[in-house]
Amino acid sequence: RFLKNRLAHFLWSLFYLVYRGFMSRFRRPVVIVSVLGRGLVFGLFLGFLFFQIDPQEGARKYSSFFFSMMLFSNTASSTIVPQVMFERHSFYRETLLSVYAPFTYVLHLMITELPFSMIFTIFLLLPSYYIAGLDDEQSPYNFFYCFQIIFVFVYAMSMLAYVTALWSPTIELGNILMATLYSYFVFFNGFLLRKSEIPGYWIWVYYTSPVRLTLNGLISNQVDGLSFACDADSPRIVPIQNPSPPFQVNDYCFQSSGEQFLRAFDIPQESWWKWVNLWILIGYC
């Protein structure tokens, strides 16, 4: 009977918090519209910035597209720190009165954030993905994976913002900590600095970066199995030993396939690794 009463209290308090959490957000529609509007604006901006990428132009544009998307994805969590600070007094008062347990409060945050992270991902990914021309013959499968991993990444960054806010005494410190953590994750994701170029005492950031996991999964999903034709800027001029005409040179395309690009950036070429990255990201949540 004691356990039954405890379970009933837990379920009631969870339902109460989830209901209040949704109502609190709906009472501030400006915040919801600003976050979702940013997703749509950034999605359109990315789509037209990388308008109709030619699959033969190489993996560089694909990786730049997804790297830019990683930068914009974090904006979904920009309003979380002020929101938690706004509710902090109620949290202290109600937990002291045993209205609910701290675990129940954290669980309600995870539940209420799910639909907003999903809608933000749809607004960001749908226009950018199709305007950029990534919908090739494999697009139903590629798009489904892109949606999954970007949604999990957006949700994981929101959870990180909640953790940062709960442990920070002020809004200013919470925003600074969140910005600092995300900057480290972006800088050591293997794109700006390759794995071999990162100093040994910073390599732990590379392995723990959720940005690296997401970017590796997205790039591997998009370029695996593709062949590229070098454009005018891509070939390297290679001199020929003892040419018949003097000063003869040949153009050498140093990245003619997706596998070569993945190898150059230390991204595993096996297709199952992208699913490993996704499950590790889910563990972050």
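1. Read along the sequence, the pattern is α-α-α-α-α-α-α-α-α-β-β-α-α. That comes to 11 helices and 2 strands. Helices (H or I, at least four residues) and strands (E, at least two) are DSSP runs, numbered from the N terminus. The model is predicted: local features need pLDDT of at least 70, side-chain atom pairs count only at pLDDT 80 or more, and totals for chains, interfaces and linings use all residues. Residues are numbered from 1 along each chain as its sequence is written, and side-chain values use heavy atoms, with hydrogens and water left out.

2. Of the 285 residues in the protein, 44% are buried. Buried means under 20% relative accessible area, exposed over 50%, and partly exposed in between (1.4 Å probe, protein chains only). Contact means heavy atoms within 4.5 Å. Among contacts with a separation of 6 or more, 77% join residues 24 or more positions apart.

3. Next, the core. The largest nonpolar core holds 66 residues. Such a core is a set of buried Ala, Val, Leu, Ile, Met, Phe, Trp, Tyr and Cys residues joined through side-chain atoms within 4.5 Å. Phe 65, Phe 66, Met 70, Leu 125, Leu 134, Ile 150 and Ile 219 touch the most other members. Helix H6 (residues 139-167) gives the most to this core, with 17 residues.

4. What does Phe 65 contact, leaving aside its neighbours within four places in sequence? The partners are Leu 46, Phe 50, Ile 53, Ser 128, Tyr 129, Ala 132 and Leu 134.

5. Glu 87 deserves a look. This residue lies in helix H4 (residues 80-96). Glu 87 is buried yet has no salt bridge. A salt bridge is a side-chain nitrogen of Lys or Arg within 4 Å of a carboxyl oxygen of Asp or Glu. The nearest side chain of opposite charge, Arg 28, is 4.8 Å away. Not counting residues up to four places away in sequence, Glu 87 touches Ser 24 and Tyr 105.

6. Now the surface. A nonpolar patch of about 850 Å² is made by Leu 40, Leu 44, Phe 48, Phe 51, Met 118, Ile 119, Ile 122, Phe 123, Leu 126 and Tyr 130. Patches are made of residues with over 30% relative accessible area and no salt bridge: like charges are joined within 9 Å, nonpolar side chains (Val, Leu, Ile, Met, Phe, Trp, Tyr) within 5 Å. Helix H2 (29-49) and helix H5 (102-131) each give two or more residues. H5 gives the most, with 6.

7. Leu 44, one of the patch residues, lies in helix H2. Leu 44 counts as partly exposed because its relative accessibility is 36%.

Terms used
Lys, Arg positive; Asp, Glu negative; His and termini not counted. Areas by Shrake-Rupley, 256 points an atom, 1.4 Å probe, with all protein chains shown as cover.
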